[in-house]
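Hi everyone, thanks for coming.

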Amino acid sequence: MNIGVCISHVPDTAAKIKIKEDLSQIDYTSVPFIINPYDEFAMEEAIRIKEKSGGTTYAISLGKDGVKESLRKALATGIDEAIHIKTELELDSSAVAKNLCDEIKSLNLELVFMGKQSVDFDSSATGQILSELLGFNCITNCVSFSLDGRNVRAEREIEGGREVLETTLPVIITAQKGLNEPRYASLKGIMAAKKKNIVEKNAAYTECKTKVIGFSLPKGKSAGKVLSADSDGVKELVRLLKEEAKVF
Amino acid sequence: MNKFIGVDYYDTSGLLSEEEILVRDTVREFVSDEVIPVIERYCRESTFPMEIIPKLAELGLFGTSLPQKYGCAEMNSVVYGLVCQELERGDSGIRSFVSVQSSLVMYPIYTFGSEAQRQKWLPGLAKGEKIGCFGLTEPDFGSNPGGMITRAEKVDGGYVLNGAKMWITNGTIADVAVVWAKLDGKVAGFLVEKGFKGFAAPEMKGKHSLKASVTSELTFDNVFIPEENRLPEGNGLKSPLMCLNQARYGIAWGVVGSMMACYDSALNYSKSRIQFGKPIAAFQMTQEKLVYMLTEITKAQLLNLQLGRLKDSGKLRFQQVSMAKRNNCEKALEIARMSREVLGANGILDEYPVMRHAANLESVKTYEGTHEMHTLILGEDVTGIPAFE
Ligand SMILES: Cc1cc2nc3c(=O)[nH]c(=O)nc-3n(C[C@H](O)[C@H](O)[C@H](O)COP(=O)(O)OP(=O)(O)OC[C@H]3O[C@@H](n4cnc5c(N)ncnc54)[C@H](O)[C@@H]3O)c2cc1C
């Protein structure tokens, strides 16, 4: 069976993010980008299913030219085909989902994995919107997945436990940490990926339902207080918890 | 722990290809996930993390430049260098394992071996199912390997080997030893297999350096070596020296990984350690150290990259490798010691990587040609006068 994986190319979470002076945009200069960590679980699951039961895996990514880096890495890790939907604009989840929807339809895919959210804007909405547009079933935050014929069984993480769900294809699965242990790209995979072509298309939909008005950085943390390790210190701690932190 | 995103003050990444960057970043992530969390434990126990071998093989890190038909990735020398650099950010012992397997075992089998020897050994070595070692140094012949006393004698159907090697990385765990011995007064290469009668490889204990690496003696007591285990193209001392040149190239890159680990540690520590009411990073003398480290790292990176490009274009001279090995090992050791100073007493703890790197680098500065020997190689190159004897 052919399987789709939607991948977003996001700033490395270890990088320091700066905002441009007019607060309207993020300053991405010299920020390293990576595959969205949740998408790595999505990718691994797709590769495993393909290894077991055959078919072709497709990685689809929307964005500027830089997303090719992540697509190349996907190919090096074991994805068969890569599609870059090009746009210079920062699109919101609904516009991203519309573009992905067209691509998934044209590839005739019935099983699509993606991360439960992208760690850049954390909307956690694209998968759900996409399934609605496609008329697919959707299971979010999956930590386990199995497929038997057209029957899908998945476990999702919920507050304090797990929920087990069953559905059928076609389906969108959004991946949570724990779904699997993603593999590394191998040197041979990297060599093979070099020879592969990344298909390019232009984004057909660029109209967003939401508009970014501005950004702000969180306030810097103030320095911690060190109290003495004697009974005076304990008294002071109780006083601070009560009067400043107001925890009781 | 903060994720390590590299040290690249001069944007040397901009000089790398997409695949080179992908290899570097993949190995970097692998080292952060699989090496750094476990390495201190192995160092304390003075053992090599055997379970890492199949993982290194799965990534394709053995014999990276050799042909795909032997199960290798067939990538360029810059890739090999970057692999060494990233592994040594984890630990010099892990990098040593890969250097020996790739440059000192797979390379000579590929370069001096017969097609049958290549077929027999290379795929298994690439998969990490077989481990190799390289025996050149002897108890009494280190910097002067030409004086070796290990001898092979021609007999019916093969050779008989007698003698001993010392300081052999991977010796005890190796399935095959590439051993250099004198045959009729000339250096020849032999593939000595584990289990050959009269061959033993006891481990050397008590190292304060490269603790997560196996170092052994090899002893040969009338060991019969069948004809098909002689490397047919290995002729004279030049052959093992060609291997060393490959490995030295990897070391020149590798130690930059140690430098980055130490610098990163010192930089982070100096920003959080408060003395006299300020982070120690606010003191000029600390800043001077950090700037010195960063400058030396940047110089070493540029040296390596051009060295790699020369190697890939076939223009490399071995003396150029000596310059990089000599410079980078010395600077790495200096940076490790400086970083230890920045960390104060904490610098000696194994909670931080610096003392481990400092101790490892003492070996790295000595093996594959000591600092002094590389000085003499370069001295001869610039003056035309050899000063070895
Ligand atoms: C951990 C470890 C792993 C090793 N792994 C291997 C391996 O896998 N295979 C292998 O074959 N070998 C290996 N070696 C051996 C290594 O290559 C030798 O230690 C090295 O070549 C130096 O030899 P030596 O120790 O006998 O020192 P010596 O040659 O005795 O040198 C001692 C000192 O004298 C100096 N010196 C010697 N001659 C001169 C001269 N003419 N002019 C100026 N100074 C000089 C040297 O620079 C050095 O400072 C390893 C060593 C170590 C420590």
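Let me start with a question: between which domains of chain B does the ligand lie? Please keep in mind that this is a predicted model. The answer is domain 2, residues 132-235, and domain 3, residues 239-383: both of them give residues to the shell around the ligand, so the ligand lies between them.

Now let's look at that shell. The ligand is surrounded by 18 residues, and the closest are B:Thr137, B:Ser143, B:Trp167, B:Thr370 and B:Glu372. Sorted by class, the shell holds 9 nonpolar, 7 polar and 2 charged residues.

An oxygen atom of the ligand sits 3.0 Å from a backbone N or O atom of B:Leu136. A polar backbone atom of B:Trp167 is 2.7 Å from a nitrogen atom of the ligand. And B:Thr169 uses its side chain, where an N or O atom lies 2.8 Å from a nitrogen atom of the ligand.

How much of the ligand does the protein bury? On its own the ligand exposes 970 Å², and the protein buries 69% of that. Three elements of chain B each give two or more residues to the shell: strand S3 (158-169), helix H9 (354-366) and helix H10 (371-383).

Stay with B:Trp167 for a moment, which is in strand S3 of chain B. Its phi is positive, about 65 degrees, although this residue is not a glycine. As a reminder, most residues other than glycine have a negative phi. B:Asp184 is another non-glycine with a positive phi, about 50 degrees. You'll find B:Asp184 in the loop between strand S4 (176-183) and strand S5 (186-193) of chain B.

Over to chain A. Here the peptide bond from A:Leu169 to A:Pro170 is cis, with omega near -5 degrees. A:Pro170 belongs to the loop between S11 and strand S12 (171-175) of chain A.

What about salt bridges? Over all chains the count is 37. One of them joins the side chains of A:Arg153 and A:Glu166, at 3.2 Å from N to O. These two residues are 13 apart and link distant parts of the chain, with A:Arg153 in strand S10 (residues 151-158) and A:Glu166 in strand S11 (residues 161-168) of chain A.

A:Leu227, A:Val234, A:Leu237, A:Val238, A:Leu241, A:Val247 and A:Phe248 make a nonpolar patch of about 590 Å². Of these, A:Val234 is found in helix H6 of chain A, residues 231-243.

Definitions and conventions
Residues numbered from 1 in each chain as written. Chains lettered and ligands numbered in written order. Predicted model: local features only at pLDDT ≥ 70, side-chain atom pairs only at ≥ 80, totals over all residues. Heavy atoms only, no water. Near = heavy atom within 4 Å. Polar contact = N/O pair within 3.5 Å; in protein donor to acceptor, adjacent residues only side chain to side chain. Areas by Shrake-Rupley, 256 points an atom, 1.4 Å probe, with all protein chains shown as cover. Helix = DSSP H or I, 4+ residues; strand = E, 2+ residues; numbered from the N terminus. Nonpolar A, V, L, I, M, F, W, Y, C, P; charged D, E, K, R; others polar. Domains from an automatic or database assignment. Patch = residues over 30% accessible without salt bridge, like charges linked within 9 Å, V, L, I, M, F, W, Y side chains within 5 Å. Salt bridge = Lys/Arg side-chain N within 4 Å of Asp/Glu carboxyl O.
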